[in-house]
Each structure stands twice: as C-alpha cells, then as structure tokens.
Amino acid sequence: MLGSKKKYIVNGNSGIKAQIQFADQKQEFNKRPTKIGRRSLSRSISQSSTDSYSSAASYTDSSDDETSPRDKQQKNSKGSSDFCVKNIKQAEFGRREIEIAEQEMPALMALRKRAQGEKPLAGAKIVGCTHITAQTAVLMETLGALGAQCRWAACNIYSTLNEVAAALAESGFPVFSWKGESEDDFWWCIDRCVNVEGWQPNMILDDGGDLTHWIYKKYPNMFKKIKGIVEESVTGVHRLYQLSKAGKLCVPAMNVNDSVTKQKFDNLYCCRESILDGLKRTTDMMFGGKQVVVCGYGEVGKGCCAALKAMGSIVYVTEIDPICALQACMDGFRLVKLNEVIRQVDIVITCTGNKNVVTREHLDRMKNSCIVCNMGHSNTEIDVASLRTPELTWERVRSQVDHVIWPDGKRIVLLAEGRLLNLSCSTVPTFVLSITATTQALALIELYNAPEGRYKQDVYLLPKKMDEYVASLHLPTFDAHLTELTDEQAKYLGLNKNGPFKPNYYRY
C-alpha cells in the first residue's frame with residue numbers, strides 16, 4: 001500500500017542557547033507526501049545493517065590478534081573498563097587521526113568555542129550508533145564539550161577505525177565497537193551502550209535505525225525519558241516514517257537526512273569523491289572505457305555517476321522515479337533496465353536504499369570479473385545471501401574483496417559483502433562530514449532544549465535557517481565573502497536581510 005509521510009519544519013529559534021543565535025523567523029510546517037515502501041512494518045524494522053551471512057573472521061586481517069575484544073580485559077590509563085575496542089594501546093595513533101580531522105571540521109570547532117560558557121547540552125545523555133571514524137570522534141568530543149554524556153556503538157560492522165575507537169575509550173568515552181564484528185557482536189555492542197546500570201539515555205543519535213529498533217524491541221520503557229531521536233540515513237528515516245504511520249513512534253524525531261546540508265553535500269559531494277577511492281583501493285582498476293551501471297540517481301547516484309563519467313567510464317543508470325530518470329538523461333547518461341545491460345557491464349553499483357536491486361538472476365548473467373558493490377547505507381540492495389550456496393566457491397582475495405566463482409569458472413568481484421563501499425573499504429572526505437556532523441549537533445541541541453509540547457510524536461525537518469547557519473560556518477575555509485542585501489533589495493524580495501533566503505519548498 002502506498003501511503004503518505006509527514007515532514008514538518010521546526011522552529012529553530014528557541015531551544016538553542018545564547019551562544020548559538022538564529023534570526024527570529026517563524027517557520028511554517030511543511031508537509032509533503034513521500035512514498036512508503038510496500039514492506040510490512042515488522043519486516044522493515046527488523047532489517048538492519050547487520051544482515052550478514054559471514055563470520056567476523058572473514059574481515060579480520062590474519063596479522064591481527066584473533067582474540068575477540070569481548071574476551072579481553074582492557075582498561076584505559078584512568079582505570080576505566082567501560083568500553084570494548086580492539087586494542088586500547090592504539091589510542092595514541094587514533095588521537096593523531098582525530099587531530100587531523102579537526103583541521104577539516106571548522107564548524108564543529110566553532111561550536112565548541114561558542115559554547116564555552118553556558119553549555120546547551122548540559123544534562124544530555126546521548127546514546128549513539130554511527131560509523132566510528134575520526135570525523136565521528138570530533139563530533140562526539142564536541143557534544144562532550146557542549147555538556148553531553150555519550151555512549152557509542154557502530155552502525156556498520158566494517159567501518160570502525162580501531163585506533164580511533166581506542167582513542168575515544170582512552171579519553172573516557174564508553175565506546176563499544178571494532179572492525180569486523182559478527183552480527184552477534186554488533187547487537188551486543190549496542191546493548192552494552194543502552195543497558196547500563198545507573199545511566200538512562202535521554203537522546204538518540206542514529207544512523208540506519210538499528211539503535212532505535214533495538215531500544216523499541218528490548219527496552220521500550222526507556223522512551224519515557226527520551227526526548228528525541230536524530231536520524232541521518234535514508235534507511236533510518238524510512239523506518240521512522242513507518243513507525244509514525246503505524247502510530248508507534250513515541251518520541252519526536254529529527255530527519256537530518258533530508259536537510260539540505262546533508263542531501264546536497266554529504267550524499268552528493270562525499271560520494272562523488274569516495275566512490276573512486278573505494279574502487280581503487282580494493283581493485284586497483286582503471287576507469288577509462290569501463291562500462292558501469294549505477295542503480296539509482298538520487299544524490300548518491302548523481303555523485304557516483306559524475307565521478308565515473310569524469311574518469312572516462314561509459315555510465316548507464318537505472319531509476320524508478322521519472323523525475324530522477326529525466327535528470328539522468330539530461331546529464332548525458334543512458335537510462336536502462338538492469339536486465340538490458342547486465343551481461344556487458346564491468347561494474348555494478350547500487351545506490352537506492354531498496355532491497356534485492358541486484359538479484360541472483362542478475363548475478364548469474366554477469367560477465368566474468370564483473371565488480372559488484374553498494375553505496376547505499378543498508379546491505380539489502382545486493383542479494384548476497386543467494387550466493388551462499390554449495391555450488392559457488394568464495395575466495396578471499398584481500399580484505400573486503402571476495403571472488404565468487406561459478407562452476408564454469410566465471411567469477412564476480414564482490415566488495416565488502418554488499419555493504420557500504422566507501423566507509424567499509426576506504427575513507428570519506430572529512431570536510432563534507434563536518435557539514436553533516438554540525439547539522440546533527442544542532443538537531444540534538446534543538447530537540448533537547450525544546451519546551452514540552454513543541455514537538456509531537458512525529459518526524460520533523462530542521463528549519464532552513466539552521467541549514468544556512470551550518471553552511472555559513474564552513475564558508476571561511478574558502479576565504480569566501482557573502483554578498484549582503486541592501487534594505488531596498490530585501491524589501492523588494494520580501495526577505496529578512498539575515499535569511500532565510502529561500503522558501504521551504506525550494507529545491508537546491
């Protein structure tokens with residue numbers, strides 16, 4: 001059944017402490033219909049980024065200590081053991097990576113300076129589930145500087161940087177994550193973040209919805225004290241709208257994914273650069289002349305297509321949405337059905353957020369040495385489970401790279417077992433993540449400080465004024481100088497000189 005989703009624009013003027021000021025501007029609620037998937041609520045909410053059919057050891061370097069972190073007794077220099085990471089002794093290396101990331105995350109560093117007096121997150125107890133990278137560490141330490149207590153787990157079993165997790169644990173953050181977790185490890189880590197004596201979270205920061213799902217499933221009473229959820233992924237936002245539609249969303253939620261500063265920057269520019277990085281590191285391939293099909297022409301697909309086209313690849317696009325499809329055509333890409341090109345393409349990239357986009361039938365028809373990978377958050381886009389059959393042979397080539405070999409000798413190259421390619425196999429541009437992380441931080445501040453009753457039990461969008469504020473914090477990096485409206489010009493356009501400068505329905 002197709003339904004409608006509700007998005008609301010929130011008032012960003014109050015709830016932000018004195019250090020973070022926004023122009024007094026009333027925001028109208030913005031409702032627009034959005035598609036709801038055909039999957040049932042129970043099926044969708046249980047589909048996590050951990051759906052995996054391999055052991056953790058398959059993604060653990062043989063040179064590493066094979067002892068599970070769960071079986072180790074580790075303490076940081078302060079004597080705390082409230083964490084579980086690969087090796088706490090790597091903390092010094094992780095600290096250096098965090099310091100490098102800080103140089104490319106100017107807005108978060110600016111928030112720290114502006115909140116040195118009254119702390120807008122004082123008393124906040126944030127439980128988080130995101131990719132644990134150097135960039136996330138800068139966000140976590142910023143939240144701490146703003147007054148929050150944090151406990152953290154990873155939203156992807158392959159994206160954690162072990163040395164960064166160690167640095168956070170050494171700094172006193174309860175972090176439960178390591179690269180190469182099993183599915184059981186994944187949920188154990190989330191549970192250790194949530195289920196701790198004497199500590200009750202009152203805010204959730206999620207990426208993919210797994211943390212929110214776990215609390216609903218295991219500890220629903222916790223929502224009595226939780227003030228709100230901040231979610232940043234397509235997958236997680238979809239789950240929230242399903243909960244809302246079913247009347248099961250019991251706290252307000254902020255949809256960061258559809259903020260302009262997430263969609264148009266993280267999804268587009270981040271993927272435009274990191275798709276090439278991930279493919280190069282895993283396959284050492286040359287892109288010139290290669291035939292590539294990109295499934296989905298949303299912001300992620302647009303970024304991937306632009307990068308591959310610039311490298312000389314022949315790019316095809318598949319789409320279900322006629323508007324995105326027309327954009328692909330106008331950008332010079334051939335719109336096809338996957339069945340039409342599956343025998344000839346050299347690379348298949350999924351960017352849809354859907355499930356079973358690449359099926360076993362497609363995989364059977366692929367040419368020898370075809371590379372298959374996913375740039376969407378969840379690992380449901382490629383039907384990897386169908387390849388776990390006796391007649392097919394799996395051969396580990398290098399970390400995150402498998403050859404799946406058919407009886408006739410044909411093989412495909414599967415990257416990260418169908419999980420998020422860039423964060424599983426490479427890194428992503430820090431500066432772009434600064435934009436998203438700042439939006440997340442402001443969403444947490446807004447929800448946490450909102451007076452009771454401002455937000456209903458529904459999913460909300462951040463105000464455009466807040467998006468503009470995030471963008472303005474990053475402009476000094478480029479020595480960029482904004483033009484200011486004169487009083488006459490502002491009156492002519494009917495705008496406040498300080499913004500917002502576009503209506504809520506404007507599409508950048």
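Q: Leaving aside its neighbours within four places in sequence, which residues is D266 in contact with?
A: A friendly note to start: this is a predicted model, where local features need pLDDT of at least 70, side-chain atom pairs count only at pLDDT 80 or more, and totals for chains, interfaces and linings use all residues. Numbering starts from 1 along each chain as its sequence is written, and side-chain values use heavy atoms, leaving out hydrogens and water. Contact means heavy atoms within 4.5 Å. With neighbours within four places set aside, the partners of D266 are E232, T261, C271, V432, L433 and T436.

Q: Is D266 buried or exposed?
A: D266 lies in helix α9; helices here are DSSP runs of H or I with at least four residues, strands are E runs of at least two, and both are numbered from the N terminus. Buried means under 20% relative accessible area, exposed over 50%, and partly exposed in between, with a 1.4 Å probe and protein chains only. The relative accessibility of D266 is 9%, so this residue counts as buried.

Q: Which positions does UniProt give for the feature "binding site"?
A: This annotation comes from an unreviewed UniProt entry. UniProt positions follow the numbering used here, feature names are shortened, and annotations may be inferred rather than shown by experiment. The positions in the record are T133, D207, E232, K262 and D266.

Q: Which residues does K262 touch, not counting those up to four places away in sequence?
A: K262 sits in helix α9, residues 260–283. Its relative accessibility is 6%, so K262 counts as buried. Beyond four places in sequence, K262 touches E232, V256, N257, N267 and T436.

Q: At what angle do α9 and helix α10 pack?
A: Helix α10 covers residues 299–310, and its axis is 7 Å from that of α9. Axes are lines fitted to C-alpha atoms, for helices over the stretch in contact, and angles run from 0 to 180 degrees between N-to-C directions. For α9 and α10, the angle is about 35 degrees.

Q: How far apart are the C-alpha atoms of I98 and V164?
A: I98 lies in helix α2, residues 91–103, and is buried, with a relative accessible area of 0%. Leaving out residues up to four places away, I98 touches A134, A137, V138, E141, V164 and A167. I98 and V164 are 66 residues apart along the chain, yet their C-alpha atoms are separated by 7.2 Å.

Q: Which residues does S426 touch, not counting those up to four places away in sequence?
A: S426 is in the loop between α14 (421–425) and α15. At 9% relative accessibility, S426 counts as buried. Beyond four places in sequence, S426 touches S274, D277, G278, R281 and L421.

Q: What percentage of the residues of the chain count as buried?
A: The chain holds 17 helices and 16 strands. Among its contacts with a separation of 6 or more, 73% join residues 24 or more positions apart. Of the 508 residues of the chain, the share that counts as buried is 58%.
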